[in-house]
Amino acid sequence: MISENRMGTQMLEQEKLIFHPITLDDKDWIDEKLKEDNLGACEYTFANNFIWAGVYGVQVGKVHDCGVIRYKEQMNYKYSFPFGNGDKKAAIELLKGICSVHGHRLGLFPVDENNRMKLTEWFPGEFEITPDRNRFDYVYSVEKLSLLRGKKLHGKRNHIARFMDDGDWSYEEMSKDNITECRKMAKEWISMRSDKWNEEMEQEMGVLDIAFAHFGVLNLKGGVLYKSGKIVAFTIGEPLNKDTFVVHFEKAFPDLQGAYPMINQQFVLHEAQQFMFVNREEDTGDPGLRKAKLSYYPDILFRKYDAVESHVVFASERDKADVAGIWQSCFGDDILYINLYMENCFKNDNMLVIYENGHPVSMASFLPAWITINGEKRQARYVYAVATLPAYRGKGYAAEILRHAAAKYQEPLVLQPSDKELQEYYKRLGFVEAFCESPCWIFNRGCTRKTAISDNQSNCLKAAEQTMNVPKPSEMLGQWNVSLADGKEYKAVRDGFFQQEGYVEWGEEALAYAIKENAFCNGQTLMLSRETAGKVMRKAVLMYRVEGSRLHVVETTLKEESLENILPELLTRTGTTLAYAGNKGGMVLLPDKWKNWDCQEGYLGLTLA
């Protein structure tokens with residue numbers, strides 16, 4: 001048997017034979033391997049990797065007849081997903097072995113949607129695969145960028161018209177005859193942005209110099225825009241695949257109206273007409289760049305994933321049946337209810353699981369939300385459906401998932417335990433009680449006021465269930481006009497009413513699901529409106545569900561007096577004998593940067609269960 005040390009030595013020797021710093025001599029074989037796969041991510045061109053090699057320490061190699069690009073990321077290497085017609089699965093196995101010898105986990109980027117599916121099929125439960133929104137590519141049709149039709153792009157056409165007003169402009173292809181002047185224009189562009197200069201911009205200018213120096217041998221394409229005989233903009237790109245042209249650089253004088261949209265359009269008109277799409281790369285999370293790229297309304301946001309070996313991974317589409325099995329085993333819910341959640345809320349980046357024997361055995365969802373902390377809205381995650389199959393409990397899997405999520409997101413984790421025992425469990429993991437817990441109240445038919453629930457009265461909440469159909473809302477409920485609320489309307493009213501320090505805010509998509517879930521549970525979500533003095537329209541929302549003889553007020557923005565006025569009519573309409581409500585508050589696990597935040601105030605209220 002070969003010893004582990006010897007195997008490690010062999011692996012290191014193999015690594016040295018495979019990978020080397022990228023050079024121009026690698027162009028032909030890398031181009032050929034890339035053509036075999038027709039990939040859509042902007043990183044998959046030889047030129048792009050060659051010109052950025054000095055910044056990222058780019059190396060290349062052949063692994064099981066696949067091409068692989070690797071680059072420095074902190075102390076380790078990150079690897080491209082293998083490309084070409086070779087054995088990609090075997091190549092990834094070898095890369096895992098190389099990383100293991102160095103004592104770290106294999107990381108792959110970029111991983112597109114097709115390769116994400118392959119990775120979950122070949123290595124189930126072994127890779128955490130996360131979409132990186134800051135790295136998504138903006139892809140537009142050539143027709144859109146050429147013609148700029150429609151109201152949405154009216155502003156772009158106006159800017160171009162202003163640029164063309166005096167007719168003293170021209171466009172020409174970039175060549176050895178004008179590259180020197182383009183270099184001068186780039187330096188002038190730098191001087192105009194000295195107040196915003198940073199290390200990333202410095203790096204980009206160095207990379208641009210390399211592109212200029214090797215423009216011909218890299219088969220790059222460029223366009224140059226002149227105004228009054230002077231270069232005012234230029235752009236550089238190249239074919240990405242058989243359908244798509246990619247733009248790597250675009251520079252224009254920012255104070256010259258229309259220069260950017262003009263060079264954008266002219267370059268596509270002259271250099272990209274044989275393609276269907278133009279990939280204008282990513283925004284790297286820069287707000288200004290994101291706004292600019294979105295202003296052209298991309299036809300495709302090309303998703304790119306970061307994959308890393310992990311014990312805790314995201315559940316994928318292939319895991320849905322296993323997830324439903326865990327859910328039903330642990331919570332006892334009807335499969336139709338589980339399917340409702342899966343169809344509306346399950347995504348390949350919001351449920352973390354742990355595998356054993358090739359299948360998920362423990363899970364928890366982490367749904368996007370927001371909390372107002374110290375007056376600012378902060379991203380958070382609502383923790384939902386935490387469960388481990390009974391046969392796998394006692395191994396700390398749920399706690400491992402929660403700790404992994406806390407480290408991964410670096411955002412507040414919010415949850416609402418269903419009982420005291422779970423509350424104590426979460427306290428041991430660092431969660432603290434949070435958000436205001438409002439008193440539970442009960443309203444009996446025939447009473448004129450709501451009263452707090454006493455021990456005796458609470459027994460009536462256990463009245464026998466009876467199956468009843470909730471009637472459609474009439475046009476009026478008391479003095480209120482009534483209609484069924486949708487997610488957008490509900491969010492607007494809810495945010496306006498509850499917004500305060502500690503308010504947990506849901507997005508429109510989540511609220512649309514909450515409305516569906518409430519309807520599934522024999523409930524309705526009403527939008528109420530009425531005119532007050534001066535014809536000012538007041539709006540409120542009321543979410544309730546019928547539970548046998550009880551009417552459960554899930555959430556409302558109605559003031560107490562207004563709610564009491566309509567409850568008798570609502571009880572009659574729904575065939576119920578009493579109404580009740582109560583907000584249990586919740587718990588939160590805070591990142592270190594907000595550990596001192598007073599989380600006792602605020603409002604959680606509406607949850608997804």
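User: How much space lies in the second largest cavity?

Analyst: First the idea: on a 1 Å grid over the protein atoms alone, a cavity is a set of points where a 1.4 Å probe fits but cannot get out, and lining residues have an atom within 4 Å of a point. Grid points are joined across faces, edges and corners, and a volume is the space filled by probe spheres set on the points. Here, the second largest cavity holds about 40 Å³. This is a predicted model: local features need pLDDT of at least 70, side-chain atom pairs count only at pLDDT 80 or more, and totals for chains, interfaces and linings use all residues. Residues are numbered from 1 along each chain as its sequence is written, and side-chain values use heavy atoms, without hydrogens and water.

User: Which residues line the second largest cavity?

Analyst: The lining is R116, T120, F127, I129, F314, A315, S316 and N348. Helices (H or I, at least four residues) and strands (E, at least two) are DSSP runs, numbered from the N terminus. α6 and β6 each give two or more residues to this lining.

User: What about strand β7, buried or exposed?

Analyst: Buried means under 20% relative accessible area, exposed over 50%, partly exposed in between (1.4 Å probe, protein chains only). In β7 (residues 137-141), 5 of 5 residues are buried. D137, V139 and S141 point one way; Y138 and Y140 point the other.

User: Which strands pair with β7?

Analyst: Two strands pair if DSSP finds at least two bridges between them. β13 (residues 300-302) is antiparallel to β7 over 3 bridges, with L301 as the bridge partner of Y138. β12 (residues 277-279) also pairs antiparallel over 3 bridges, and F277 stands opposite S141.

Terms used. 1 Å grid on protein atoms, 1.4 Å probe; cavity = no way out; pocket = protein on both sides within 12 Å on 5 of 7 lines; lining within 4 Å.
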